[in-house]
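Here are my notes for you on this model, written as numbered points. Keep the structure open beside them and look up each part as you go.

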Amino acid sequence: MGTKLQLLEELTKRTLENEIEENSCFTSNDLSDFMQMSRNTVSQYLNEFVKEKKCIKVNSRPVYFFSKEALENKWKITLDKTIYTSVSELCANKENDFEKIIGYNGSLKDQIEQCQAAICYPPQGLPVLIYGPTGTGKTMIASCVEEYARHQNIIKSNAKMIAVNCSEYANNPELLTDNLFGHVKGAYTGADDETEGLISLANGGILFLDEVHCLKPECQEKLFQFMDKGVFHKVGDNENWYSSKCRLIFATTENPQNALLKTMLRRIPIMITIPALSERPLIEKHEMISKMLQVESQRLHRKIHISNLAYQTLLEHEFKGNIGEMKNAIKATCANVFVKRQEEEMQIHLLDLPGYLFDESKSVSMNAYNLKTETMIDISEQNKDQASSNPLIQLYERLLETYQLYKKEQINEDLFVTHCRSFITNFIDYLFFKGKYKTTTSNEEYLLKVVDKIYSIVMNKYSLIIPNNKIRVYSKMFVEYAKNVTEARIWTSVHAQEVDEFKQLICEKYPRAYTIADEIIENADLNLDIHMDSFMWVVMGFAFLEFQPTSHNGRVGLILCHGYSTASSIADTANHMLGEHIFDGIDMELQTSIDKIATLVNSYLKEKSPIQELMLLVDMGSLEDIYEKINPLLECNIGLINHVSTASAIEIGNYIKQGKKAKEIVQEIQKVIYSSYKFIEGKRKQDAILTLCATGFGAAKKISEMLLRSLPKSIDLQIFPYDYKSLKNYGKQDAIFSEYNIQLIVGTLDPQVEGIPYMGMETIITNGEMDYLHQLIGKYLTPQELRTFNENIMKNFTLSNIVNQLTILNPEKVMNIVEEIVGDLEEKLNKKLDIANKVGLSIHISCLIERLLLKQGIENVEGIELFRRENKEAIEKVREAFSVANYQYSVEITDPEIKYILNYF
């Protein structure tokens, strides 16, 4: 039976010998079994030790105990508390020997873990080679490895770390060999005494050989024996063996595969690569600059402020000499300012930087900056965990918080969109009404003109109507962003993962708004030299949701006026008074031609499609001229009314809300307000069925041919193939809906176009619900012809026949393989497909195999990176199931193709 003192001794031993983690050896149960004491007695003793501050207690399930003195000795710290809520909280007190390296838990995390593994490997560690460009911090990493080894008791406190820069001996390799291995008396002229080499001096410690590529092959060969067996010959003594137990760290700026002997490389099991500064994350560069400036601030005993533009230049410049060159540039800058301006508070501006930095700068264009009012950054406030007072960053934070609520399903999609748009609206209000832009500068006027041109290009491309007053709003956002670009980009890099997820969400849920935002931002980057961060895609995407097609009852209103924002102002006022979005406004310059007006109206009709009736309100001009130009373009009824005013717009808006038709409205309005009018009867679009195949256009074409062959005669209903991805991305906004009245979509995968019925091939094969197809075709056929059509469908649309028609493959062979793949997928993914989905997937995989054979596989789709991160296990299972096709046809499935397959599950 153990005693109380023996219990503490055992706990001390366990604390010293084991990793501090959730290990049962630190529980009262395990200790009582080992000590052969009752559990109650052990628990009582341990809690008494906690009160006496001899033990650390972790109140988790189970409870863990550690010796306080042993833990403090092990970690070389002093612990203030004796009770913690978790092991993680306790371990947070442990000093990380690598914390001084920026990126130790980021871009350098894997490299540092490899160094730790190498130095700890029993019995004497493993040689490690650190490879990276000049100035990336290789020596600092080696130094931190030494500190780590000491704190972990891997090397003794009196052991040495010997550092040698081999490049210093590049012209005298014999001297380097002598210094490394030592020599005996008389080994060469002048060798009057026996000398210990650096390998001997580093015994029990670490030998760090920097620029190891400068070692001549002969010297590398001499190292082989020591690396293999820990023994070596001194210079001048080839008979006696000497030994040393030092750990080896090598470093080089040259590619090891080219610079070192292959036999040398084979003896270095761990090789790590340190990335260049340009490859490091933005947040790490930000931390480096802040830390370096803070060091200079302490050295010079001066508070340092740096301008936004100067900071951005340091952040974006590609330092060829990496961290070392960055440090020298910042030292030179601070010295320059210190000498020129003897002030208590140092202010660093762009021209204080070394000339070569801003000569190559890609920072925000000077057109978007006013240097006199440029934001200054207080270095002492950098990296503090505090709420931002910057309105743009506050907007970012609120949007991200809302996204987090949506991701946790604490708010629905409608609330999510409403809140986000509300925050953006409030931010715009701030820009206009908080007095920050009371006067318009020449820079802002220039920016406005460029943004106006950008929007004109995008509006024409996407058939988009954006009023001039909205364009002015967005130009203000560009100006504000340009003034805060550094903070914005740093904030985004800190929240990189969630920002990417948020951006991907906008891309997937609102593809049209995202695509337009993408086009605007890319043009701004190109024409204004404003490189926006990822979160601006989110902000601009939400802004363009306003210009998404709004739901309507088939009747919409459009106001055309001359003047900078006349039409948009009337439309905004009328919509506000009506309590509903009825009107859109298009502002035109006075010299806008009738042809231009006709083009704008046509674009608007495509954007709002499908609509039955349009009320077109204009301020002046000949109605006959407008009619002649737009009449050939019309596909809906149009009521055309002249001399528009806010009052007439509200009156007409009320009629639209009441559901009155265009012909009634133009007749009623002249009873209330004097105006000339014209009613134009619209043309009817031809009905059509689209055929689709997610695996390619060729298969969609064959499906349409099979349907047409099943018809007993030609009918006035178009059946033709169409691009699946186009419908999936644009839905009702796709151009095909402005040309045809699409009644049905038939295919292998549902593109999910709102309001358009879809019929899968599997439904036809399994004789599922086909009432809608019968009803649609039946309008053009007699009862007997309809029966013939059904018979032909049953004959043509068997699974084997479809595979035979859609592919060039042997149907019997491919169906056996497909059946095996589908069955394997059901088993691996633990989900049974219903018959319809199973048939659909079989067709899909058959077409997929053919496309892979023809080298026509899909290589990329939207959101593939997020898909890969979230579905690693499922992707691997699909790849395993598909191996039978890989074996039979020598084809390999890609991740985008796997994404489509998993849609069936």
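The points below go from the whole chain to its sheets, then to rings and helices.

1. First, the ground rules. This is a predicted model, where local features need pLDDT of at least 70, side-chain atom pairs count only at pLDDT 80 or more, and totals for chains, interfaces and linings use all residues. Residues are numbered from 1 along each chain as its sequence is written, and side-chain values use heavy atoms, with hydrogens and water left out.

2. Now the overall picture. The protein chain has 42 helices and 24 strands; these are DSSP runs numbered from the N terminus, with helices being H or I of at least four residues and strands E of at least two. Of its 905 residues, 51% are buried (under 20% relative accessible area with a 1.4 Å probe, protein chains only; exposed is over 50%, and partly exposed is in between). Take the contacts (heavy atoms within 4.5 Å) between residues at least 6 apart in sequence: 73% of them join residues at least 24 apart.

3. Let's begin with a sheet of 3 strands. It is open, has mixed pairing and runs in the order E2-E1-E3; strands pair if DSSP finds at least two bridges between them. Strands E2 (64-67) and E3 (83-84) are at the edges, each pairing on one side only. E1 (residues 55-58) is parallel to E3, with 2 bridges between them, and Val58 sits opposite Tyr84 in E3. Helix H3 (residues 39-51) packs on this sheet, touching E1, E2 and E3, and its direction makes about 110° with that of E1. Helix H4 (residues 68-75) also packs on the sheet, where it touches E1 and E2 and makes about 70° with the direction of E2. For such angles, axes are lines fitted to C-alpha atoms (for helices over the stretch in contact), and the angles run from 0 to 180 degrees between N-to-C directions.

4. Next, find strand E4 (residues 128-131). Which strands does E4 pair with? One is E11 (residues 247-252), joined to E4 by 4 bridges and running parallel, with Leu129 opposite Phe250. Another is E12 (residues 270-273), again parallel over 4 bridges, and here Ile130 faces Ile272. A general point to keep in mind: in a regular strand the side chains alternate between the two faces of the sheet.

5. There is also an open sheet of 4 strands with parallel pairing, in the order E22-E21-E23-E24. E22 (718-721) and E24 (758-760) stand at the edges with a single partner strand each, so one side of each has no neighbour in the sheet. On average, neighbouring strands here are turned by 25° against each other, direction ignored. E21 (residues 686-692) is joined to E22 by 4 bridges, with Ala688 opposite Gln718. Helix H30 (residues 697-710) lies across E21, E22 and E23 (740-747), at about 155° to E22. Helix H34 (residues 771-778) lies across E21, E23 and E24, at about 140° to E23.

6. On to the aromatic rings. The count comes to 15 aromatic pairs (rings of Phe, Tyr and Trp, its six-membered ring, with centres within 6.5 Å; planes under 30 degrees apart are stacked, over 60 edge-to-face and the rest tilted). Tyr406 and Phe416 are a stacked pair, 4.4 Å centre to centre with 10° between the planes. Tyr406 lies in helix H17 (residues 391-407) and Phe416 in helix H18 (residues 413-433), so the pair ties together parts that are 10 residues apart in sequence. Tyr406 is buried at 17% relative accessible area, and Phe416 is buried at 1%.

7. Why is the pair of Phe502 and Phe542 edge-to-face? Because their ring centres are 6.1 Å apart and their planes are at 75°. Phe502 belongs to helix H22 (residues 496-509) and Phe542 to helix H24 (residues 535-545), so this pair links parts 40 residues apart in sequence. Phe502 is buried at 0% and Phe542 at 1%. Both pairs belong to one aromatic cluster: Tyr396, Tyr403, Tyr406, Phe416, Trp491, Phe502, Phe535 and Phe542.

8. Last, a helix pair. The axes of H40 (residues 872-881) and H42 (residues 895-903) come within 10 Å and cross at roughly 95°. That makes H40 roughly perpendicular to H42 (65 to 115 degrees; under 35 is roughly parallel, over 145 roughly antiparallel and the rest oblique). The contact is made by Ala874, Ile875, Val878 and Arg879 of H40 with Asp895, Ile898, Ile901 and Leu902 of H42.
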